[in-house]
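Subject: Structure handover

Hello,

Here is the structure you will be taking over. Please open it and keep it beside you as you read the notes below.

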Amino acid sequence: MIIHCEQCTTTYHLDEKLLEPFGSKVRCTRCGHIFWAEPPSFSDAQPFSDTRPFSESLSKPEPALILDEEEEAALQIRPPRKALRVLGIIILLALLALAARFLYVQYLHPNWDFKDVFSNVFFLPVDPEGNQKISLINIKKYFKENPKIGRFFIIEGEIKNGYPDPRRKIKIRGSLRTAENRVAVSREIYSGWTFTAEELDSLSLEEINKLILTQTERFSPNLQILPGKSLPFMILFPPLPPGSTQVSIEVVSSQKAQSPSTP
């Protein structure tokens with residue numbers, strides 16, 4: 001039987017025995033077009049009208065290529081080329097946007113490491129509490145005798161800002177634990193919370209609390225600390241809980257300061 005490509009009108013000679021009873025998909029070997037071919041006994045189509053010159057219509061028909069099941073399945077799942085081009089353009093634009101944001105963030109914060117820049121580009125809070133780059137230094141733990149309070153326990157030291165920006169509200173937690181590692185008492189303070197040795201020797205617990213409430217500038221949690229700088233802190237445990245044998249201290253959180261200022 002003779003068939004013709006619907007796209008380039010190439011003529012083919014095809015053994016109708018190779019076709020399925022209701023027809024098969026065939027590929028034009030010249031242009032690659034896929035079309036449907038039906039045996040003469042089943043096809044109700046009108047006779048093909050060849051509009052080419054008479055000399056070309058007399059050329060020897062070429063063999064047609066019948067698709068097997070695997071090729072047909074591949075054609076069915078093959079996405080359109082236009083959709084692939086659109087998807088590729090979208091991916092390229094997204095990559096360019098991420099690259100531009102990465103360079104912009106790095107330009108604004110040249111001291112940030114790659115982890116901070118990466119998290120800012122993708123809006124990922126890798127350090128939501130702001131405690132990973134605040135270090136504790138010069139820690140001292142000791143008992144103090146006070147005629148008004150008695151014997152109480154003190155933890156004092158400094159925090160150091162390892163962030164590339166100023167920080168404020170740096171909260172520190174001190175805990176006293178029993179021999180079974182249970183928390184006997186825990187206190188939280190902000191850095192900058194300190195007393196002089198004379199005050200610790202003479203003030204009562206009520207006077208200490210009143211001093212904290214009245215002198216807001218001295219005990220303000222909004223004291224800012226610049227990058228690389230340190231700030232003192234002090235934690236009081238009056239009176240010492242019975243049975244406490246272990247001491248732990250940790251940085252709980254900090255906040256980024258809006259504008260830098262020297263503490």
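Start at Arg167, which is buried, with 7% relative accessibility. Bear in mind that this is a predicted model. Arg167 forms a salt bridge with Asp165, and the closest N and O atoms are 3.1 Å apart. Asp165 is buried too, at 11% relative accessible area.

Salt bridges

The structure holds eight salt bridges. Which residues are linked in a network of salt bridges? They are Lys171, Arg173, Glu188 and Glu250.

Take Lys171 and Glu188 to begin with. Their side chains meet at 3.8 Å, N to O. This pair links distant parts of the chain: Lys171 is in strand 9 (residues 167–178) and Glu188 in strand 10 (residues 183–190), 17 residues apart. Lys171 is partly exposed at 23% relative accessible area. Glu188 is partly exposed as well, at 41%.

Now Glu250 and Arg173. In this salt bridge the closest N and O atoms are 2.8 Å apart. Glu250 lies in strand 12 (residues 244–256) and Arg173 in strand 9, so the pair ties together parts that are 77 residues apart in sequence. Glu250 is partly exposed, with 39% relative accessible area. Arg173 is also partly exposed, at 24%.

Aromatic rings

The count comes to six aromatic pairs. One of them is Phe153 with Phe237, a tilted pair with 6.3 Å between ring centres and 40 degrees between the planes. It links distant parts of the chain: Phe153 sits in strand 8 (residues 150–161), Phe237 in strand 11 (residues 230–237), and they are 84 residues apart. Both are buried: Phe153 has a relative accessible area of 7%, and Phe237 has 2%. Arg151 lies over its face, 3.9 Å from the ring centre.

The nonpolar patch

Look at the surface next. A nonpolar patch there is formed by Leu87, Ile91, Leu95, Leu98, Phe114, Phe118, Phe122, Leu124 and Val126. Together they have about 800 Å² of accessible area. Helix 3 (81–108) and helix 4 (114–121) each supply at least two residues. Helix 3 gives the most, with four. An α-helix has 3.6 residues a turn, so residues three or four places apart point the same way.

Leu124 is in the loop between helix 4 and strand 7 (134–146). It is partly exposed, at 44% relative accessibility. Helix 4 has a buried set too: Asp116, Val117, Ser119 and Val121. Just after helix 4, Phe123 takes a positive phi of about 55 degrees.

Cysteines

How many disulfides are there? The count is zero. Cys5 is in no disulfide, and its nearest cysteine sulfur, that of Cys8, is 3.6 Å away. Cys5 is buried, with a relative accessible area of 0%. A disulfide needs the sulfur atoms within 2.5 Å. Cys31 is partly exposed, at 35% relative accessible area.

Over to you.

Terms used. Residues are numbered from 1 along each chain as its sequence is written. This is a predicted model: local features need pLDDT of at least 70, side-chain atom pairs count only at pLDDT 80 or more; totals for chains, interfaces and linings use all residues. Side-chain values use heavy atoms; hydrogens and water are left out. Rings of Phe, Tyr and Trp (its six-membered ring) pair if their centres lie within 6.5 Å; planes under 30 degrees apart count as stacked, over 60 as edge-to-face and the rest as tilted. Buried means under 20% relative accessible area, exposed over 50%, partly exposed in between (1.4 Å probe, protein chains only). A charge sits over a ring if NZ of Lys or CZ of Arg is within 6 Å of the ring centre and within 35 degrees of the ring normal. Patches are made of residues with over 30% relative accessible area and no salt bridge: like charges are joined within 9 Å, nonpolar side chains (Val, Leu, Ile, Met, Phe, Trp, Tyr) within 5 Å. Accessible areas come from the Shrake-Rupley method with a 1.4 Å probe; for residues, only the protein chains shown count as cover. A salt bridge is a side-chain nitrogen of Lys or Arg within 4 Å of a carboxyl oxygen of Asp or Glu.
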